[in-house]
Amino acid sequence: MLFNESDTICAIATPPGEGAITVIRVSGSKSVELVNKLARFLPRQIESHKVYYGLLRKSDGDDYL
């Protein structure tokens, strides 16, 4: 399947199993909008190539994932 350059994609970048952290890679034209809905701990201005730590929340409520 071919993807358009502007498609927003999200993928787990760490191996499956239990671990201390999980890395999720998000890219595309709507990636900032998507991440802001899930990661409310982020600052208003997100810097490229910087790591941010926090807990993700469900987009439809206050429960943590």
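Helices (H or I, at least four residues) and strands (E, at least two) are DSSP runs, numbered from the N terminus. This is a predicted model, in which local features need pLDDT of at least 70 and side-chain atom pairs count only at pLDDT 80 or more, while totals for chains, interfaces and linings use all residues. Residues are numbered from 1 along each chain as its sequence is written, and side-chain values use heavy atoms, with hydrogens and water left out.

**The whole chain**

Begin by showing the protein chain as a cartoon, where one helix and two strands can be found, arranged along the sequence in the pattern β-β-α. Of its 65 residues, 5% count as buried, where buried means under 20% relative accessible area, exposed means over 50%, and partly exposed lies in between (1.4 Å probe, protein chains only).

**The largest pocket**

Next, select Ile24, Arg25, Val26, Val35 and Tyr52, which lie nearest the centre of the largest pocket among the 25 residues that line it. Two elements, β2 (24-27) and α1 (31-38), each give two or more residues to this lining, and α1 supplies the largest share, five residues. A pocket here is an open set of points on a 1 Å grid over the protein atoms alone, where a 1.4 Å probe fits, with protein on both sides within 12 Å along at least five of seven lines, and lining residues have an atom within 4 Å of a point. The space in the largest pocket is about 1,100 Å³, a volume being the space filled by probe spheres set on the points, which are joined across faces, edges and corners.

**After the helix**

Now move to the segment after α1, where Leu56 lies.

Look at the backbone of His49, whose phi is near 60°, a positive value in a residue other than glycine. Most residues other than glycine have a negative phi.

**A charged pair**

Finally, show the side chains of Lys50 and Glu47, which meet in a salt bridge at 3.7 Å, N to O. A salt bridge is a side-chain nitrogen of Lys or Arg within 4 Å of a carboxyl oxygen of Asp or Glu, and by this rule the count is one. Lys50 is partly exposed at 46% relative accessibility, and Glu47 is partly exposed at 48%.
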